[in-house]
Amino acid sequence: MSLISTLARLEAVESGRAQPLTTVRHRHLSERPLVFVPLTTAGEAGAPLGALVGSDRAAPTLLVVPQPRDRDLRFTFLADLAEAVLPYLDAYADDVEPAERSETDPETGKKTKVEAELCADAPQLIVPGRAGIDFVRLLGRSMRFRRTAEQDPDAPYPAPPRVPLLGRWFTHYAERARTPGAALLLAATDLLNRHWASGQSSLEDQHLGALLAWIDPPEGESGAEAALRAELARGADGQLLCPPAGPATDPAFDNRLLAPAVERYDRARQALQTAEDGLAADERLVQLTIAEREIRRLLAAQLMPTWTAVWRALDLLRELPEGERAAARWTSDRWSFTGHRDRIAAGEPPQPRRDDAVTAATKLLRRERAQAELEAGEALDDPLVMAGRRLAGEAFAGEVVEVTPAWTESKRPSPRPLVTLRTDDAPHLAEGTKVYRTLDGKPQKAEFVTYEPEGALVLRILDKMGRAKDPAPGSVPDKGDRICWTLFEHEQRGAPKLPDPEATPWTHGGPPGSGTAEQPDPLTPEDLL
Amino acid sequence: MTAFDPGAAAAGATDAILADTLHGVSRGVVVDSPPGAGKSTLVVRAALELAAAGRPLMVVAQTNSQVDDLVVRLAEKAPDLPVGRLHSNDSDPYDKALDDLDNVRKSSKAGDLAGLDVVISTAAKWAHVKSTDTGGPWRHAIVDEAYQMRSDALLAVAGLFERALFVGDPGQLDPFAIADAEQWAGLSYDPSASAVSTLLAHNPELPQHRLPVSWRLPASAAPLVSDAFYPFTPFRSGTDHGDRRLAFGVASDGSAPDRALDEAAESGWALLELPARHTPRTDPEAVRAVARVVRRLLDRGGAATSERSPEPVPLTAARIAVGTAHRDQAAAVRAALAELGVTGVAVDTANRLQGREFDVTVVLHPLSGRPDATAFHLETGRLCVLASRHRHACIVVCRAGVTDLLDDHPSTEPVQLGVTVKFPDGWEANHAVLSHLAEHRVVWQP
């Protein structure tokens, strides 16, 4: 944790209110996001219990699995989920704009611009917390390899038609969420934690209710009290007033309310199956419907507070203006969405269970690049974030007190003016350290030369001054200018070209599939997931 | 029983490595080298022998300074050997000293260097080279500091060569990623793992050698470093007790820093212990204590006697280093040294001190003053680097209570399936070092 965020947390404790960490919003928020609040069954990984989903805060769709251990009911749930989510995704697929993409020509190896389609906007999924992102990933994995009756008439347990497709989209969204700064799938707690510092631990910050209590406490109450209430307060029935944001449920809810309700449902179903005549069956069907409705009521009561909280979080975040570079990052997200849309349209198979060596390395390099770009971009967009970097010695702001023209010693001298700055910051500079500033939206590079006796520091400007002997107008700072320099680069260099997967070298096991193929589980051969 | 002859043991190991490299049938040879065991010497010698055998080779190092250092060493040994230094397009891409070497050609394009006996560059630069630029893959490569190279960096360059000698120190800091790589943990080709672990996971039959003798570490340090960090691949010191001596021209003034210096001169180790306290990372008292120790080291006119020269050599600022865990700590120490008028002492983090050698090191313990023991601060490699840079003595400055801290914070990292457990873990290694340092403790109430 950086010094400035520690300070913000201390101030939050003292004032009883979360403190802002930013002055702008560093993630793009869609006009019409799809909020997804899932619940899972205790003790059974990947067994959904219910969900609220929708892009209209006033009209969420409630989906429920009345007996989570029944796989048919689970499939019904997933089919309903696909019907709720896929039309939302599809709505963005056809609205495209022309764009350019650089591609490497396989023969010449040169990069060329090709015309391409880019979706004008992309669908955005919001879940309450980080565990929700993991759950989306898990659902994606459990669905994308399923075969429908249409794909494989011999499949013993065919999946409903659109379920595998939803699995592929969920997998894509969950994988994209691992890219720093990406906004296709976001967790409300992550968004809030990026923009505010609460007075509790970062573990407690994963509780959406408690976090909102710090950021936006009720009138006349401190954030700490409200957060404690959100975490612990229970009603007369012993149930939490602010249920956990899921996907895990509160054990007291499971034991006292859910388990008896599911048991009533099971009994009603059994009774229906053993009904001897039509009249009795009708009667028992009514009982079953009542039992199912009771479970729906219970789950809705658990889910609604979280649903409201997620939208409340979005309201708070929307009050911040969007950072300049968040829009550029969103364009990458749109490319990501468009790319996956194209892969599905082209009939490519679902994402493999595991990345091969080249894919894994490519992803890591891209993510590291995204991380560095995100850190630089947030600081450049936001003086408060930059203040944190300055406090950490990674940037400094100062006033220009002197500019001395100077040139390189060569036949055609290029300008290398010396700029003397006075700063109160304490950057970690050594001779020759490169520093950067923004000049007309582009980074200009300089190097640190020396400290002057009275503490001012001298920089030598290195580029962006044109080709002439004298620097282009405006490219060199003037006396009295106040400039912020960073020790980190603003843009990232091009990544190296990795081999094609088919050309994976011997050090990394050769091309994928050339070694021994992975065997299915010997006891349960269907377990290839 | 015959006495251990370090020279013979080291020569035997080197011969076996060169035999496998020059005449072996495997595509790769892996050499583990403890600190100061002559890794660079081995790389230079292997390069020369391969070149002499008419087999041009490429050399992959990790940083530009390592590359420049290798070029200079090669030119020292074989001034007539045509060497290529492939460099980046940045300004000042290589050490200016290379301009004075007649047989070293420098270029930022691999094609310009094709045909030279040895071409050296960083892994990052090689990653941008295409095999076709240089007329097909090299028959041989040497990968230096292979344990500090990431698996994905090896993936980017492995297509450039047919066979390779991988040399490195498994005890130093592992490579790291700034983005989360957890999803690939346990895969044999985890891109964030070290190049050697991927290489050996896919090619377990490759011959593995190790260098058995540390020429840098004194007899007082080799057993501790070997036991604490290399328990299964022990090594010895190339020198014996009494071969090296550190003496001061000015007598002790009785202060704690001076007593710590005397203890270190006597035994090779000293622990200057400050009172227990939780502090910010740049603990002002500890930083001042480090600076004070360095100041006294210089003021007391240290002189180092070693096997390198018959006469004592004055201990100058250039022969002293200060090691820290974090960059802000290093910056704070630099500022404190400047206040005391000390210049020319290398002050840096463990990451940047890797591969370097000094007579005396002063270390700010990574766990000093901390309320918690995170994976970063416990990392075995960090402590190993800090405790193995010196030829004569190492003085550790630390707050009391680190052993309790270690016991209060057992490692809680999630266990990943398929990941080889590194042993010893940081917890174990820290205890081993601290229990040894406790015997050389000097308590100070500043």
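This is a predicted model: local features need pLDDT of at least 70, side-chain atom pairs count only at pLDDT 80 or more; totals for chains, interfaces and linings use all residues.
1. Two residues are in contact here if their C-beta atoms, placed from the backbone, lie within 7 Å. B:Leu224, B:Asp227, B:Ala228 and B:Phe229 of H7(B) meet B:Ala429, B:Ala432, B:Val433 and B:His436 of H15(B). By class, the residues of this contact comprise six nonpolar, one polar and one charged.

2. Now for the geometry of that pair. Helix H7 of chain B covers residues 222-229 and helix H15 of chain B covers residues 426-437. Their axes are 8 Å apart, and the packing angle is about 155°. Angles over 145 degrees count as roughly antiparallel, and H7(B) and H15(B) are therefore roughly antiparallel to each other. The crossing of H7(B) and H15(B) is right-handed.

3. Please also look at the sheet in chain B. It is an open sheet of six strands with parallel pairing, in the order S16-S15-S17-S18-S12-S19. Strand S16 (346-349) and strand S19 (441-443) of chain B are at the edges with a single partner strand each, so one side of each has no neighbour in the sheet. From one strand to the next, the twist averages 20°.

4. Strand S15 of chain B, residues 320-324, runs parallel to S16(B), and four bridges join the two. Within this pairing, B:Thr324 has B:Thr349 in S16(B) as its bridge partner.

5. Two helices deserve a look together with the sheet. Helix H8 of chain B (residues 256-267) packs on the sheet and touches strand S12 (269-274), strand S18 (390-399) and S19 of chain B. The direction of H8 makes about 155° with that of S12(B). Helix H10 of chain B (residues 327-339) lies across S15, S16 and strand S17 (358-364) of chain B, and runs at about 165° to S16(B).

6. On to chain A, which is divided into domain 1 (3-247 + 306-351) and domain 2 (382-486). The C-alpha centres of domain 1 and domain 2 of chain A lie 42 Å apart. Each domain of chain A gives eight residues to the contact between them. On the domain 1 side of chain A, the residues touching domain 2 are four nonpolar, four polar and no charged.

7. Finally, how many residues does each chain bring to the contact between chain A and chain B? Chain A contributes 26 residues and chain B 27 residues. The side of chain A that touches chain B has 15 nonpolar, six polar and five charged residues.

Technical notes
Residues are numbered from 1 along each chain as its sequence is written. Chains are lettered from A and ligands numbered from 1 in the order in which they are written. Ala, Val, Leu, Ile, Met, Phe, Trp, Tyr, Cys and Pro count as nonpolar, Asp, Glu, Lys and Arg as charged, and the others, Gly among them, as polar. Axes are lines fitted to C-alpha atoms, for helices over the stretch in contact, and angles run from 0 to 180 degrees between N-to-C directions. Angles under 35 degrees count as roughly parallel, over 145 as roughly antiparallel, 65 to 115 as roughly perpendicular and the rest as oblique. A crossing is left-handed if the near helix is turned anticlockwise from the far one by less than a right angle, and right-handed if clockwise. Two strands pair if DSSP finds at least two bridges between them. Domain bounds come from an automatic or database domain assignment.
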